[in-house]
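Some notes on this entry are set out below, for reading alongside the sequence and the coordinates.

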Amino acid sequence: MKKFIIGLFALAMVAGCTGTRTLYKKAETPTQYAKVVLLHHNAVGEEVANLLVDPTVSVGSKDTLRKAYRVTVCDKTETGPIATCRIGPSYQLTAAGKAYEAVKDAETEEQLQAALNTLVSLLTNVITAIKGAH
Amino acid sequence: MDPVFWILLAKALVPSLVSLGKPELAGVLNDAIAAFKAGKNIDDAMKEFVARWEAEGEPSFDSIEKARQDIQARIDG
């Protein structure tokens, strides 16, 4: 459980604000931590979608944002549009969360932790891309 | 102090910097405002999730995934 807290604390620090911290504090179980990260991923995704239609954002920044978001939802084998991706890191975290919810053993918790670590790292990259977008 | 105050203050400074012959500083300030707004938007969305969690209980993985698919559909240019 400590590993969850360390990784998520780092992510909350990157995001920084009260709503984000409050939501992370609501998580008490491994699956709740997974859900909070996935909700955070959706909040960040919404902002990426908004920035992509913002006329003041440069084409280069939009490309960076799209690429950073893409690796959070698409697997390397998925080469089509982002809308069609279904096996990338965020989906793997969902699958690991569901598996842990159903079984709750050490093996599924380890899988959940690994999936969580991957998405947290990629999500941090998207947040950094948003901060640099102009 | 309300973050909106700082955004308004920064916005008010931009034309002054341009007229003072410091367009590069105005550009830096504009970028900072944009980054701040983006961070605030994300935080507002997180506050909404907190309110919904408290009102309706813990969300399901399926509902989160459905929302993600809707976002993905919006992101392709």
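This is a predicted model: local features need pLDDT of at least 70, side-chain atom pairs count only at pLDDT 80 or more; totals for chains, interfaces and linings use all residues.

1. In chain A, helix α3 spans residues 30-52 and helix α5 spans residues 89-103. Their axes come within 10 Å and cross at roughly 155°. Angles over 145 degrees count as roughly antiparallel, so α3(A) is roughly antiparallel to α5(A). The crossing of the two helices is left-handed.

2. Which residues make the contact between α3(A) and α5(A)? From α3(A) come Pro30(A), Thr31(A), Ala34(A), Lys35(A), Val37(A), Leu38(A) and His41(A). They meet Ser90(A), Leu93(A), Thr94(A), Gly97(A), Tyr100(A) and Glu101(A) of α5(A). By class, the residues of this contact are six nonpolar, five polar and two charged.

3. Helix α3 of chain A also holds Asn42(A). Is Asn42(A) buried or exposed? Its relative accessibility is 3%, and buried means under 20%, so Asn42(A) counts as buried. Leaving aside residues up to four places away in sequence, Asn42(A) touches Ile64(B), Ala67(B), Arg68(B) and Ile71(B).

4. Chain B has three helices and zero strands, and its pattern along the sequence is α-α-α. Of the 77 residues in chain B, 29% are buried. The chain exposes about 4,700 Å², with carbon and sulfur atoms supplying 63% of that area.

Key:
Residues are numbered from 1 along each chain as its sequence is written. Chains are lettered from A and ligands numbered from 1 in the order in which they are written. Side-chain values use heavy atoms; hydrogens and water are left out. Axes are lines fitted to C-alpha atoms, for helices over the stretch in contact, and angles run from 0 to 180 degrees between N-to-C directions. Helices (H or I, at least four residues) and strands (E, at least two) are DSSP runs, numbered from the N terminus. Angles under 35 degrees count as roughly parallel, over 145 as roughly antiparallel, 65 to 115 as roughly perpendicular and the rest as oblique. A crossing is left-handed if the near helix is turned anticlockwise from the far one by less than a right angle, and right-handed if clockwise. Contact means heavy atoms within 4.5 Å. Ala, Val, Leu, Ile, Met, Phe, Trp, Tyr, Cys and Pro count as nonpolar, Asp, Glu, Lys and Arg as charged, and the others, Gly among them, as polar. Buried means under 20% relative accessible area, exposed over 50%, partly exposed in between (1.4 Å probe, protein chains only). Accessible areas come from the Shrake-Rupley method with a 1.4 Å probe; for residues, only the protein chains shown count as cover.
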